[in-house]
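Have the model open as you read.

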Amino acid sequence: MLVDELAVPGGRLRQWRVTDAATLVHAWADPLVAQWNAVPDAPTLATATRWIGGVEKRYNDRLAIDFVIEIAEMGVIGEVGLSGFSQAHDGALIGYWLLPAARGHGHATRGVQAVTAWAHRVLELEVIVARCHESNLTSQAVAASAGYSHEATDGAHHELWRSRRPPTP
């Protein structure tokens with residue numbers, strides 16, 4: 001395991017496992033997940049298994065770390081992940097998605113809050129950015145609910161929401 005599990009109300013955030021591959025294929029096939037996230041052109045069990053197999057390498061190379069959102073009564077319902085994090089720029093991008101049955105219950109917000117707190121504390125990242133397309137109002141609402149501040153709009157129609165590490169006493 002790359003990192004400890006993170007607790008969220010009613011569940012936990014943990015690393016992907018090969019046994020989660022079918023859920024990942026299901027998510028990649030969801031039109032909303034595919035609209036706002038980079039997904040394979042042809043999501044297959046083999047592709048999902050290969051992607052999950054690369055989790056540790058992506059973390060070790062400081063490219064990404066992805067947490068499954070697992071809720072006790074629902075199982076795996078989504079993901080929250082960081083990408084592009086490095087000591088050099090003390091920041092990362094955060095991304096998240098949920099399966100349709102889990103949307104609208106606050107699971108993404110709680111997942112984002114947990115990963116954000118962990119990344120500020122453990123990875124010592126100064127800034128975490130949620131880069132949400134201007135049309136993705138749901139993703140923007142998650143960022144706002146998770147305590148991120150809207151700070152800018154980039155030239156590619158994305159709203160930039162930021163979480164800054166709290167000052168140490």
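**A histidine and its surroundings**

Histidine 120 has a relative accessibility of 6%, so it counts as buried (under 20% relative accessible area, with a 1.4 Å probe and protein chains only). This is a predicted model, where local features need pLDDT of at least 70, side-chain atom pairs count only at pLDDT 80 or more, and totals for chains, interfaces and linings use all residues. Residues are numbered from 1 along each chain as its sequence is written, and side-chain values use heavy atoms, leaving out hydrogens and water.

You'll find histidine 120 in helix α5, residues 107–121 (helices are DSSP runs of H or I, at least four residues; strands are runs of E, at least two). A polar atom of its side chain sits 2.7 Å from the backbone oxygen of leucine 125. Setting aside neighbours within four places in sequence, histidine 120 has contacts (heavy atoms within 4.5 Å) that include Glu126, Ile128, Ser163 and Pro166.

Now for the nonpolar cores, meaning sets of buried Ala, Val, Leu, Ile, Met, Phe, Trp, Tyr and Cys residues joined through side-chain atoms within 4.5 Å. The largest has 34 residues, and Leu82, Ile94, Tyr96, Trp118 and Tyr148 touch the most other members. Helix α5 gives the most to this core, with six residues. Apart from it lies another core, of 14 residues, with Leu24 and Val76 among them.

Leu24 takes us to helix α1 (21–29), where Ala21, Val25, Ala27 and Trp28 are buried too. Looking down the α1 axis, the buried residues fall within an arc of 160° and so line one face (the arc is taken from the directions from the helix axis to the C-beta atoms). They pack against α2, α3 and β5.

Notes
Buried < 20%, exposed > 50% of the residue type's maximum accessible area, 1.4 Å probe, protein only. Polar contact = N/O pair within 3.5 Å; in protein donor to acceptor, adjacent residues only side chain to side chain.
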